Amino acid sequence: MRNIRHLERIRGLTPHARRMIETCWHLSEAYPSFRLRDWAHMLGYGGHFSTKSRRYSTTLGAMRADRAQHRADEARAFHGLPPLPEGPVDKVGSWHVIGTGYKFSSEETWAETIREQRRHPRTA
């Protein structure tokens, strides 16, 4: 939801959410420094809803890493693979060319046939 410029925009909300927005709207007159009217669409909370503090809770990076590990374990189980061992996992971060061209002569023949068909398409 975007900033609420008029209270008519809150018709389709639940009664509880509507009361909270109306309260923010009315309290903004008594406490202008809180900018409650600007944050009424967030029910008065002007911060980022998913901010995590290292001291209080966990970090978003740790949550993402846990989620990635969980999804990888699910994918391995789906394909019938054993779970990865605990501990760090090495990730391949670079690629090296080990050769170019076709491995078999039949691959070259097929590629040339396709190139010819594209050069001279059939017309109906």
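## Burial and basis of the model

Of the 124 residues of the protein, 9% count as buried, where buried means under 20% relative accessible area, exposed means over 50%, and partly exposed lies in between (1.4 Å probe, protein chains only). The model is predicted, and local features need pLDDT of at least 70, side-chain atom pairs count only at pLDDT 80 or more, while totals for chains, interfaces and linings use all residues. Residues are numbered from 1 along each chain as its sequence is written, and side-chain values use heavy atoms, with hydrogens and water left out.

## Overall form

The protein has three helices and zero strands; helices (H or I, at least four residues) and strands (E, at least two) are DSSP runs, numbered from the N terminus. Read from the N terminus, the order of elements is α-α-α. The radius of gyration of the protein is 30 Å, well over the 14 Å that the globule rule gives for 124 residues, so the protein is more spread out than a compact globule. This radius is taken over C-alpha atoms, and the globule rule is 2.2 Å times the number of residues to the power 0.38. The C-alpha trace spans about 85 × 55 × 30 Å along its principal axes.

Among contacts in the protein with a separation of 6 or more, 13% involve residues 24 or more positions apart; a contact means heavy atoms within 4.5 Å.

## Surface and charge

The protein has 21 positive and 13 negative charges, and their mean positions are 7 Å apart. Lys and Arg count as positive and Asp and Glu as negative, while His and the chain ends are not counted. Each charge is placed at NZ of Lys, CZ of Arg, CG of Asp or CD of Glu.

Cys24 lies in helix H1 and is buried, with a relative accessible area of 8%. Leaving aside neighbours within four places in sequence, Cys24 is in contact with Leu36, Arg37, Ala40, Leu43 and Gly44. The C-alpha atoms of Cys24 and Ala40 are separated by 5.5 Å, and the two residues are 16 residues apart along the chain.

Thr23 also lies in helix H1, but counts as partly exposed at 41% relative accessibility. Its C-alpha atom is 9.2 Å from that of Arg37, 14 residues apart along the chain.

Arg35 lies in the loop between helix H1 (15-30) and H2 and is partly exposed, with a relative accessible area of 47%. Most residues other than glycine have a negative phi. Phi of Arg35, however, is positive, near 55°.

## Helix H2

Helix H2 (residues 60-78) has 19 residues and reaches 27 Å from its first C-alpha to its last, close to the 27 Å expected at 1.5 Å a residue. The expected span is 1.5 Å times one less than the number of residues. Just after H2, Gly80 takes a positive phi of about 75°.
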